[in-house]
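Please keep the sequence and the model at hand while reading.

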Amino acid sequence: MLTPWKDFPLTDFSTIGVSSCLLGEQVRYDGGHKHDRYITDNLGRWFNLLPVCPEVGCGLPVPRDSMRLEGDPAAPRLVTRNSRMDRTDRMQAFCHAKVVELESEELCGFIFKKDSPSSGLFRVKIYHDGIATKNSTGLFAAAMARHFPLLPMEEEGRLNDPDLRENFIERLFCYRRWKIFLTSGPTVGRLVEFHAGHKLLMMAHSPAIYRATGTLVANGGNLPLPELLKSYEELFMNGLAQHTTPGKNADVLRHMMGYFKKELTTGEKAELLEVIKGYHDGLTPLVAPLTLLRHYVRKYDQQYLLGQIYLSPYPAELMLHLEPKLTPLALPRLHRHSAADPRQQGGILMKRREKIDQTDPAVQEA
Ligand code: SF4
């Protein structure tokens, strides 16, 4: 029998909102655009892309005087740079109406243009007494985050980072499955089924939230269904927002191995443990142990694991899981194997890791 949240056709498009200029629309203050090919050429194959430009949407012309945020970071004002016009009220009126309008789109996510005083989600510049600090949020992005607190959201610049991109795309597809589940006649029994399919994925993101969702679902019959679904959605999406790590993934991979340890030959066991260790040490990408596990799951017809979303959380064509994760163990080896300048290679890799940890509010577990 088909399970609606799992067996929907991948061509059954859901929608993600995108800042219009990232889709190539010439709506920027200077009449230009910031077309992002990864979004249109890759994500556009799996999702409808809904353009939103809050500045044009609130009635400003193209081209226009550029704007910046000023004042108190808790209540920023949107002000034009040259003519010193305050556009805050006009923008807030647009935001209030737009978020309500977007409810009917059943969005699965939103990608914002970084640095924009209207659309930037993280570390947008705000000026106070002539000094700029990067700690604010564009007015429209802030309104979206308030109205849709569980909706997966990212900035296009951060999607260049493999860890952040993978986490975002995984959440897009999980939210899409959750939305389909909600529209297909949810019951406590069906929630148990949905939860069972996502167990290992949850475990890889947050063992603590994995346990909390398990307890919630086990006691689901004691709660009114709407309350149960709301609580589950919060835990589910907040858990997925926590990043996986090589340590957490390796734990899940070894846990999976336990399901057919009796069937595996000594040689198969040794090979699998070695591949998992190679991933854990940062020498191979996650796709290596996952591919081997998928093979054994099919070979030994392990029904429980066959139903785990963890094994294929999104279409393989999106080509994620292809970079080794960086771990302290991996770095000295990368130094040795780098053809050009090993110290520089390690330095660049370290910087990338540090940058993520400093800038990403979602990185909560090392
Ligand atoms: S307001 Fe947002 S969508 Fe419009 S041009 Fe600026 S960054 Fe792009």
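Contacts between residues at least 6 apart in sequence join residues at least 24 apart in 66% of cases; two residues are in contact if their C-beta atoms, placed from the backbone, lie within 7 Å. The model is predicted, so that local features need pLDDT of at least 70 and side-chain atom pairs count only at pLDDT 80 or more, while totals for chains, interfaces and linings use all residues. Residues are numbered from 1 along each chain as its sequence is written.

The chain has 15 helices and 8 strands, which are DSSP runs numbered from the N terminus (helices H or I, at least four residues; strands E, at least two). Of its 366 residues, 35% count as buried. A residue is buried if 20 or more other C-beta atoms lie within 10 Å of its own, exposed if 12 or fewer, and partly exposed in between, with C-beta atoms placed from the backbone.

**Helix α12**

Helix α12 covers residues 287-299, and its 13 residues should span 18 Å at 1.5 Å a residue, which agrees with the 18 Å between its end C-alpha atoms. The expected span is 1.5 Å times one less than the number of residues. Pro 289, Leu 293 and Val 297 are buried in α12. They lie on the same side of α12 because they cover an arc of only 75° around the axis, the arc being that of the directions from the helix axis to the C-beta atoms. An α-helix has 3.6 residues a turn, so residues three or four places apart point the same way. The face turned away from the buried side carries the exposed residues His 295, Arg 298 and Lys 299. The elements below are among those covering the buried residues of α12.

| Covering helix | Residues |
|---|---|
| α10 | 246-257 |
| α11 | 266-280 |
| α13 | 303-306 |

After α12 comes Asp 301, with a positive phi near 50°.

**Ser 206**

Ser 206 is found in the loop between α7 (188-205) and α8 (207-218). It counts as buried because it has 22 C-beta neighbours inside 10 Å. Leaving aside residues up to four places away in sequence, Ser 206 touches Gly 239 and Gln 242. The C-alpha atoms of Ser 206 and Gln 242 are separated by 6.5 Å, although these residues are 36 residues apart along the chain.
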